[in-house]
Amino acid sequence: MCQRFLRVSVLSLAVELGHESAIAEAIDIFNDWKNNNMSFDVNLKYPVYCAAARNGFESDWEFLWDRYQKTKVVSEKTVIMSALGCTRDISIINRYLDSVFDDSVRLQDIGQVIGSVAANPIGARPAWLFLMENWDTFLQKLGSTSFSFGNIISSCTSSIASNIEYREAKQFFDDHSDAGSGTREISKALEKMEINVNWLTKNKRTIREWFFSQMN
């Protein structure tokens, strides 16, 4: 049991860090499952699905998207939703974001879809722009009764660490202070962004020096 758990943890971390052999192994597992219906450890589903969405073909992402639409297993839907946000294709990221308003995604799943994209370094900015551009629609769908709106605000702003983005967010929230059930999350988000900005300002020189030292 411990060895099995260790393998899952190591493969998950290695895929997340972009380790080529781990990604290749995950893709092989995915292809065996996709093409030959070969079962695999349920605990490996997220790293395997994520590797396929991020490093596989567009058809692999489409396969997972179709699987999300058809499966009745809630746990499977949840894992797939998170994995679909791993893609590095901006056009697919934007399409995935758009899906939250075209009835492809259940109302209760909107927060997880947005969160999965926002957690992706490539998807963080598109997710924040999507939130700003569709603020009124989010407010109408989620703002009055759902905690999801607050979670969306938090996930879309959690990676903001530059002064420019912080000022952009602050101005936006100053202009949109009524966020229904997400109103309390705005002050928390602004506080966290300010902490991020201050930390990066204080440490960016050290980070830059370390980065260039690793290249030599």
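How many helices and how many strands does the secondary structure of the chain come to? Show the chain as a cartoon: there are 12 helices and zero strands. Keep in mind throughout that this is a predicted model.

**Whole chain**

Start with everything selected. Followed from the N terminus, the elements read α-α-α-α-α-α-α-α-α-α-α-α. Along the principal axes, the C-alpha atoms occupy a box of roughly 55 × 50 × 35 Å. The radius of gyration is 19 Å, which agrees with the value near 17 Å that a compact globule of 216 residues would have. Of the contacts with a separation of 6 or more, 66% join residues 24 or more positions apart.

**Surface**

Of the 216 residues, 42% count as buried. Colour the charges next: there are 23 positive and 27 negative ones, and their mean positions lie 4 Å apart.

**Helix H8**

Hide the surface and select residues 124–133, which make up helix H8. Is H8 largely enclosed or exposed? Seven of its 10 residues are buried, so the rest of the structure largely encloses H8. Show their side chains to find Ala-124, Pro-126, Ala-127, Trp-128, Phe-130, Leu-131 and Met-132.

**An aromatic cluster**

Two of these residues lead to the next stop. Trp-128 and Phe-130 belong to one aromatic cluster, together with Phe-101, Trp-135, Phe-138, Phe-149, Phe-172 and Phe-173. Select these residues and show their rings.

**Helix H10**

Phe-149, a member of that cluster, is also one of the buried residues of H10. Select residues 148–157 to see this helix. Eight of the 10 residues of H10 are buried, so this helix too is largely enclosed by the rest of the structure. Besides Phe-149, the buried residues of H10 are Ser-148, Gly-150, Ile-152, Ile-153, Ser-155, Cys-156 and Thr-157.

The structure holds 20 aromatic pairs. For one of them, select Trp-33 and Phe-40. How are the two rings of Trp-33 and Phe-40 arranged, stacked or edge-to-face? They are edge-to-face, with 85 degrees between the planes and 6.3 Å from centre to centre. Trp-33 is buried, at a relative accessible area of 9%. Phe-40 has 19% relative accessibility and also counts as buried, because the cut-off is under 20%.

Terms used
Residues numbered from 1 in each chain as written. Predicted model: local features only at pLDDT ≥ 70, side-chain atom pairs only at ≥ 80, totals over all residues. Heavy atoms only, no water. Helix = DSSP H or I, 4+ residues; strand = E, 2+ residues; numbered from the N terminus. Rg over C-alpha atoms; globule rule 2.2 N^0.38 Å. Buried < 20%, exposed > 50% of the residue type's maximum accessible area, 1.4 Å probe, protein only. Contact = heavy atoms within 4.5 Å. Lys, Arg positive; Asp, Glu negative; His and termini not counted. Charge placed at Lys NZ, Arg CZ, Asp CG, Glu CD. Phe/Tyr/Trp six-rings, centres within 6.5 Å; stacked < 30°, edge-to-face > 60°.
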